[in-house]
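Here are some notes for a colleague who is new to this structure. Please read them with the model open.

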There are 2 protein chains.
Amino acid sequence: MNIEILKKTFTKAELLTGEFGLEREGLRITADGKLALTPHPEIFGDKLKNVYITTDFSESQVEVVTPAYASVPRTHKVLEGLCDIVNNEIGDEYFWPQSMPCDIPDDKDIPIARYEGEAGKASMAYRRGLVERYGGKKQLISGIHCNFSFTERFIKKLHQAARPEMSFKDFKDQMYLKMVRNYLRCRFMIIYLMGCTPALHKSYIPNCVQWLEDVGNDSYVSVDGVSIRNSSCGYKNKEPLFPRYDSIAHFTEDVRRFVAEGKLSAPKELYTQIRLKAKGVDNILESLEEDGIKYLELRTIDINPFDKCGLAEIDLSFLHHFMLYMLIRKESDYPDWQQEAMENEERVAVHGRGRELTLLKDGKEIRFRDWAGEILAEMEEVNRQLNLGYEAGLIEMAKRVDDPKNTYASRLAALVKEKGYIQAHLDIAKGYKAESHDTRYLLRGFEGYELSTQILIKEAITRGVPVEEVDPMDNFIGLGKGDKKTYVKQATKTARDNYISVLAMENKVVTKKLLAQKGIPVPAGVEFTTPEQGQIFAEDYAGRPVVIKPKSTNFGLGISIFEKGGSAQDLMAAIDIAFGYDNTVLMEDYIKGQEYRFLVIDGVVEAVLKRVPANVTGDGKSTISELVEEKNKHPFRGVGYTAPLKKIVIDGQTELYLKQQGLTPESVIQADQTVYLRGNSNISTGGDSIDMTDVMPDCFKQVAVKAAAAADAVFCGVDLLIEDYTDENSSYGIIELNFNPSTDMHAYPYKGKERRTGEMILRALGFIEER
Amino acid sequence: MNIEILKKTFTKAELLTGEFGLEREGLRITADGKLALTPHPEIFGDKLKNVYITTDFSESQVEVVTPAYASVPRTHKVLEGLCDIVNNEIGDEYFWPQSMPCDIPDDKDIPIARYEGEAGKASMAYRRGLVERYGGKKQLISGIHCNFSFTERFIKKLHQAARPEMSFKDFKDQMYLKMVRNYLRCRFMIIYLMGCTPALHKSYIPNCVQWLEDVGNDSYVSVDGVSIRNSSCGYKNKEPLFPRYDSIAHFTEDVRRFVAEGKLSAPKELYTQIRLKAKGVDNILESLEEDGIKYLELRTIDINPFDKCGLAEIDLSFLHHFMLYMLIRKESDYPDWQQEAMENEERVAVHGRGRELTLLKDGKEIRFRDWAGEILAEMEEVNRQLNLGYEAGLIEMAKRVDDPKNTYASRLAALVKEKGYIQAHLDIAKGYKAESHDTRYLLRGFEGYELSTQILIKEAITRGVPVEEVDPMDNFIGLGKGDKKTYVKQATKTARDNYISVLAMENKVVTKKLLAQKGIPVPAGVEFTTPEQGQIFAEDYAGRPVVIKPKSTNFGLGISIFEKGGSAQDLMAAIDIAFGYDNTVLMEDYIKGQEYRFLVIDGVVEAVLKRVPANVTGDGKSTISELVEEKNKHPFRGVGYTAPLKKIVIDGQTELYLKQQGLTPESVIQADQTVYLRGNSNISTGGDSIDMTDVMPDCFKQVAVKAAAAADAVFCGVDLLIEDYTDENSSYGIIELNFNPSTDMHAYPYKGKERRTGEMILRALGFIEER
């Protein structure tokens, strides 16, 4: 394989496309840095079934797993989303941001992951065996694994361009095996560049701790190492094992031999820096022989405490660049390359930051920095020739090579010296948790979806309900699999609702008829299709408080409200306006009161919300402008559809509205005085949302339930106007039914309890048991 | 009540609004004018439950009943629609267009209406009693009853304006009773103006026939009468009965007395020219006392053979005008007014066309023409003062009064003399039947609905499924009642389909994924959201037959087809075009072949249709323009959404298309040569629809069924491209699924069998038993 073939065969976009998947482990810890001994959170469901969030060795060790995505940025974002979920769902615990363990107890107190059933028993027995052979503390080491493959399409194209005379399977295996060999030879680079385990807590294995510098606070730091995890104090096979990588047949033959000789209890116990993965999981060797290599798993990477996901995107891009380089890189024929690479691994792990470090290359000593420079130069050539656009990564990595101070390991070592191992990581973990909390309304990696869909996907992932992205542009997803598979659009458009029910709610005339037929109070009114008919009614309604509106209203266009009634002439003028928007016009009694949104799902009022126009409350010294600026700092306030609340904008309309109150944006208002900045209560113009679920009397909730039932709706937003909700005899009326009710405003209101709408939807769809 | 109050209180629109309902009876006859002895057609369902189409006295006597509508024109149109249904659903029989019977058998052979069950037995016994008392032949006389009431709103307003001191019920009853008394006094006018029974067939009661002129052909014509039906030879009580109409209490007292004295077998046997109707049907007297008068039933009107419905719209408008006049008309205090009115009735019925006819008015003889003129003059004043716009009716009626030759009776008498009684009516009946057949695709009275909805409503009415017009502008109707009530929009949007299934079909990307997941062949293809991604695929697809289209297509905008493949550059240009219409673009393999629409309902292919571009076939002598003109005469070809096929228009595009074939609109083409006038096969541009249901092999039908099932659709239009449908191994692919499939094109294709789509829909909705 040479660079010319790649260059000739692929465009930049094709080269940047692959299948990327990430698995990140991490310990759950208490607020003082100790291993959490609580069970894996129930919300994450069955560990064996949740493909996104499960446990690894220990019950206290969360593992998040992204699906495979076509691009580096998407994969990285989804990993961040999964880490946010963990941060937000582990109560008052924290997600340990470091590969090496926190303050851990003795082996006997380390909880191994608990499983149910026969298969569960076997899993637990296997884990107990690992503790016996390797000790429990090493099992708590966490890593981040990067799965990579080319797309089928890419390999086919390359096969045709490079070696059409070979079988496709042989070509694919040969291609991946070359990458594996090169990766093993060059893995020292990744250990150096991404090593992030230069320190330990006292509670780790004493044999490992004793070689390090005691920096106080029960903390121990390596003098010039970068990755204790990749050193002999990390998690490795008892003796180095070197299966042959020249063919699949040799590889599987060697692994079978290791197992037969008792060096491994099973093929999966072979801990290598890069793993061959096959279609089959339980029968990996047979599957490799039959189906060939499906993807490669890179296992070198330490968790990066300086990134919320444990892996910086620039590093993931570099790994991709590195893998493309592995495909092209010329191989030497030096026979003992595996032993040499293993020796280099240990040297870099333990002394990577040493200025004079040398490595072995084809049996000869070479300065680490020279070899690293050589590799970066070759990668630069790859980047240039293939036009990958990976310059930023090269510049960053060159800095790390040039001066070890620029490595993560150096930065972390300094931090541990300053604060102590536990405190340094705890501060970081708390920062990430706060950050995840502040943006809990969204799901990273899925920002292209509307918030309501993000919330639903987040809930599904949290609970391990498989999510299929059927058409992201349309907020169209699939949930579950097999017989339980169902589809959802915009969070509440589902198979539970029948089509005509939706169409009935979409049409105000129909809605009113259905409600009235079921005896539910709607504003009394009339509909008409000509101004002549309207004239008749204008006379009838003259003097009465009345609302005149086109049949289908959008954003309130064409609506006139006569709170105190109007003359027949006034009403007729309003009717003419309304006819500008629709062929049918409604004239209804105006009902005084506040509008409340009742979210009804499956016959239950799940949430009630009040919307209040944009406003600020004074402190006696700040101007309105300053108060707005302060209020806009709320993490829920954003722009467009990216946040549950919108930033308040002081525009001409606001100024006009203030002027009517004798105010300007520069006015200072009294403490506790609330000033409204506009007349409308839309969230989209900076309005506040206030949860009222727990204070709304049951009688009004029953009205909402009956209204939804009248339209035969499972998901329904009922808009109720109530004059005084604290009075059960208050006058009220239903304004409209919404078949695609907004859920994010209930999930993340400005004030009041957050309602878990994703859970409600999953329950209605049968993924969560009924209450 | 005086005209001033009406004028002051109401607008013209209010005065023209009321509740109008019509009931029209008519005999079913054979092609030679004999009474049909077949059972009431099964399709009309249970006689006791079908509120639109039932029987009257005889099994052979159809009765159609309109619901009450707010305006005269609407009511009249619906009556026409009902008559069309009867004409089209009685096989090779005809709907007798005359009140007096056709060629009828002796009493013993006249089939009385058959009913099931206990209540049915009673109904049949009652009918047998009628035969005994009145003879069977009179029972076959048919009439047209006109039900009239003011709206509740109208009466309330009038009550407040005129007599607020009275109770509402008393006011209402007094108002209607005045109208009844005036109507009884003036009914001779209606008998004269609308009388249409001046002739008889020999088979009618000999006593009646013998007084008439024998005009041959077993036909007998009255010399100067207008309405045998309203004469003593019509259907009347054995002796004249005159209940008091000054109060409800007196009226019910008198009727109860008639029953007690054996003059009536039941209150309903009181045959008066105008009936008081109450809310209660079975307890009419009690209900009158309790609830008051609900509406009035005018029973004077003969069936008008000169109108397809048996009543001209101008006559119905006049009746409304007449009723308003009855409300205002001053009453005399002449005591024997009922006897006098009865005498006048007989005089007009028997000698109405006589030049010298006099009537009795308050005990004095008055020339009929003078009194009629007086009434018309007063009505003209009402029309002028209230601005009703009923001038045309007044002019027409004045003509009838001025010269008896202008009456229906005269016109019909002439016709009977010319052709004979049976043939004259038979010709008319056949003409109406042909007319109904030619416009069988629509439902008169419901023309505001899309054709597909008209077809569904027509089927529902035919079978007696109650139809609620929920929102006509939206084609939104209710069907059935009680627990079976369900709603339908645009004929196939129903509660049977779930919402997400519809949304899946609406989205081409989602549809393809669902189909592919179920292993159904779709054109292989790719989707992409950026031109950069598109570039990759453009290279892959270069040279292959391919279709490039925006994700959501409307009317084919933005679609490019490369039947013979294109260069990557060509494809890229097409991709750029498609991105002008949507953010997602699809590129798919082009499948060669003809497109067929499969209509799948509830897992069954109910119809298959091929669409062919607008075309004409030559006769060797006509020009293309002439052939188009001839083809456009087909009754199904209309303009807009009013007909199942559209008229072919020769426009610039057609001329261009012809030019490419070396033709112009003036070219004469060979016999049997077909020339296509445009490239697209849309029905909307004059294309032909050809039913293929019976010739399409089952294998392709199974594909369509599987496709609909993949989307979980109950109503689904599956568009299948098939290279050669006669070859079961032909290549094929699904183009798209339609959740609101057009049904009218299957119901009324240009060629091939008409498919009863209304029936299919009603079956899917549970109103017809499954096959």
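**Notes on chains B and A**

1. Strand β13 (residues 467-471) of chain B is largely enclosed by the rest of the structure, because five of its five residues are buried. Buried means under 20% relative accessible area, exposed over 50%, and partly exposed in between (1.4 Å probe, protein chains only). Strands (E, at least two residues) and helices (H or I, at least four) are DSSP runs, numbered from the N terminus.

2. This is a predicted model: local features need pLDDT of at least 70, side-chain atom pairs count only at pLDDT 80 or more, and totals for chains, interfaces and linings use all residues. Residues are numbered from 1 along each chain as its sequence is written, chains are lettered from A and ligands numbered from 1 in the order in which they are written, and side-chain values use heavy atoms, leaving out hydrogens and water.

3. β13(B) pairs with strand β14 (residues 476-479) of chain B. The sense is antiparallel, over four bridges. Pairing requires at least two DSSP bridges between the strands. B:E468 stands opposite B:G478 in β14(B). Four residues separate the two strands of this hairpin. In the turn, B:N475 has a positive phi of about 55°.

4. Helix α26 (residues 757-764) of chain B is mostly covered, with eight of its eight residues buried. Among them are B:M760, B:I761 and B:L762. The buried residues pack (contact: heavy atoms within 4.5 Å) against elements of chain B including α17 (451-463), β14 and β28 (715-722). B:G766 follows α26(B) and has a positive phi, near 85°.

5. In chain A, A:Y581 lies in the loop between α21 (568-579) and β20 (585-589). A:Y581 is partly exposed, at 44% relative accessible area.
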